[in-house]
Amino acid sequence: MSTSAAMSERISKYQKFIKPYGVAVAGSLTRVVGLTLEARGLSAPVGSQCKIETLGGFIDAEVIGFNQETLYLMPNDHITGVLPGARVIPKVKDAGLPVGMGLLGRVVDGLGRPLDGLGAIDAEKHLKFAAAPINPLARRPIDSPMDVGVRAINSIVTVGQGQRMGLFAGSGVGKSVLLGMMTRGSEADVIVVGLVGERGREVKEFIDEILGVEGRRRSVVVAAPADASPLMRLKGCESAVTIAEYFRDQGLNVLLLLDSVTRYAMAQREIALAVGEPPATKGYPPSVFAKLPALVERAGNGGEGQGSITAFFTVLSEGDDMQDPIADAARAILDGHIVLSRELADSGHYPAIDIEKSISRVMPQVVSEAHMQQARVLKQVYSMYQQNKDMITLGAYQRGSDQMLDQAINMMPAVNNFLQQGMKDVINYDECLQGLAKLLGQA
């Protein structure tokens with residue numbers, strides 16, 4: 001063996017014992033275009049945090065990509081006072097997301113910073129924003145129903161503990177109100193609410209009026225309003241799921257309400273297009289459709305000794321189009337979907353759940369055969385009436401022509417009354433089953 005080869009072997013042997021000092025080498029800002037900052041002269045991995053010098057002090061930004069020696073960064077918050085050649089300093093160690101039982105009753109932003117003015121978070125540990133998913137074979141099966149306090153869901157679209165459901169609707173048909181009803185009526189130990197891309201006014205209204213004092217005690221709210229940066233909106237969704245995972249790992253049953261997945265996809269689209277990723281379906285780049293399942297798959301039942309995350313992901317259907325690319329992608333990776341109808345909402349029918357178009361894929365595994373049969377009969381009655389509604393309204397249908405349709409016409413007032421519920425009413429699972437049996441005359 002040559003002298004140089006022997007020396008190289010000895011260096012490799014001892015290299016693993018050499019620890020870096022952690023000295024951050026500062027670079028400089030070379031270009032600012034839109035939301036993207038470009039820096040040279042430093043080295044930092046994708047996903048790490050950096051500090052950027054401005055006229056008002058330092059601001060934080062995240063590395064979202066690179067091209068040869070140029071790093072692309074995106075600020076966590078909106079920036080002002082940035083100068084050419086400003087110093088960019090990588091953070092040697094990122095604290096991560098603070099988690100712990102002290103989060104209960106708190107409102108935080110996408111990075112876990114408090115928004116409620118109640119002081120610092122009493123954190124037990126700090127976690128990475130994106131955790132590795134559980135091995136699918138290690139998860140416990142979904143075998144018990146989850147009471148959400150909403151009669152139409154409990155009786156017709158029964159949700160299993162650990163299920164991942166989609167809530168599909170256009171704007172202004174009662175998504176936030178339905179989420180609030182579930183927070184008050186749920187039997188979950190902890191509720192994690194992610195409000196991403198919402199109007200700032202709606203965030204405060206949801207916390208004060210819809211969630212209320214009682215609901216807030218066992219809840220954690222992660223808020224990233226519409227005026228937050230794309231990176232903060234992206235982090236808002238990921239932080240909500242990370243917090244839910246923490247409580248699940250403590251053996252608790254968690255209800256995760258994420259509003260909305262569409263705004264998450266839009267934030268990722270803004271970031272991806274800013275660094276040059278080519279657009280694909282309706283302007284959404286491929287990375288959007290890779291991130292959606294990665295986010296959704298983190299919810300669900302844990303392994304032995306862990307709790308569960310029952311998740312409701314709201315999907316904003318643009319122009320009530322259920323074939324929107326995000327709605328279509330979400331429907332394929334979720335365990336069922338609840339569709340809110342604008343027609344029902346316009347007629348004063350709340351919650352505006354269209355039971356004809358809604359389905360729970362795990363319902364047969366978590367309910368009795370009798371319950372399943374009753375739900376099927378009610379959906380048939382509802383569907384029969386909806387299919388012939390125009391003919392009935394115009395007076396073109398003659399009573400006695402179809403026995404099933406006659407039955408549907410007679411039952412519809414009682415069915416509509418059964419499916420409607422007051423905003424502050426909580427109806428438990430057993431009451432829902434009794435009401436369903438009574439409605440169908442099978443009590």
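Visitor: Which side chain does the side chain of N76 make a polar contact with?
Guide: That would be Q49, at 2.9 Å. Keep in mind that this is a predicted model.

Visitor: Okay, and where is N76 found?
Guide: N76 sits in the loop between β5 (70-75) and β6 (87-90).

Visitor: Is N76 buried or exposed?
Guide: Buried, since its relative accessible area is 3% and the cut-off for buried is under 20%. Skipping neighbours within four places in sequence, N76 is in contact with Q49, D60, A61, E62, L111, S229, L231 and M232.

Visitor: E62 is on that list. Which side chain does E62 meet in a salt bridge?
Guide: K235, with 3.0 Å from N to O. The two come from distant parts of the chain: E62 is in strand β4 (residues 57-67) and K235 in helix α5 (residues 230-249), 173 residues apart.

Visitor: Are those two buried or exposed?
Guide: E62 counts as buried at 8% relative accessibility, and K235 counts as buried at 9%.

Visitor: How many salt bridges does the count come to?
Guide: The count comes to 19. One of them joins the side chains of R106 and D116 at 2.8 Å, N to O. R106 lies in the loop between β7 (97-99) and β8 (107-108) and D116 in the loop between β8 and β9 (125-127), so this pair ties together parts ten residues apart in sequence. Both R106 and D116 are buried.

Visitor: What about K389, which side chain does that one meet?
Guide: E343, in a salt bridge of 3.5 Å, N to O. K389 belongs to helix α12 (residues 389-394) and E343 to helix α9 (residues 342-346), 46 residues apart. K389 counts as partly exposed at 29% relative accessibility, while E343 counts as exposed at 53%.

Visitor: Switching topic: in what order do the six strands close into a barrel?
Guide: The order is β1-β2-β5-β4-β3-β6, with antiparallel pairing. From one strand to the next, the twist averages 45 degrees.

Visitor: And over how many bridges do β1 and β6 pair?
Guide: Two, in the antiparallel sense. For S28, the bridge partner in β6 is R87.

Visitor: Last one, helix α6. How far apart are its end C-alpha atoms?
Guide: They are 20 Å apart, which agrees with the 20 Å that 14 residues (261-274) should span at 1.5 Å a residue. Just after α6, G276 takes a positive phi of about 100 degrees.

Terms used. Residues are numbered from 1 along each chain as its sequence is written. This is a predicted model: local features need pLDDT of at least 70, side-chain atom pairs count only at pLDDT 80 or more; totals for chains, interfaces and linings use all residues. Side-chain values use heavy atoms; hydrogens and water are left out. Helices (H or I, at least four residues) and strands (E, at least two) are DSSP runs, numbered from the N terminus. The expected span of a helix is 1.5 Å times one less than its number of residues. Buried means under 20% relative accessible area, exposed over 50%, partly exposed in between (1.4 Å probe, protein chains only). A polar contact is a pair of N or O atoms within 3.5 Å; within protein, one must be able to donate a hydrogen and the other to accept it, and residues adjacent in sequence count only if both atoms are side-chain atoms. Contact means heavy atoms within 4.5 Å. Two strands pair if DSSP finds at least two bridges between them. Axes are lines fitted to C-alpha atoms, for helices over the stretch in contact, and angles run from 0 to 180 degrees between N-to-C directions. A salt bridge is a side-chain nitrogen of Lys or Arg within 4 Å of a carboxyl oxygen of Asp or Glu.
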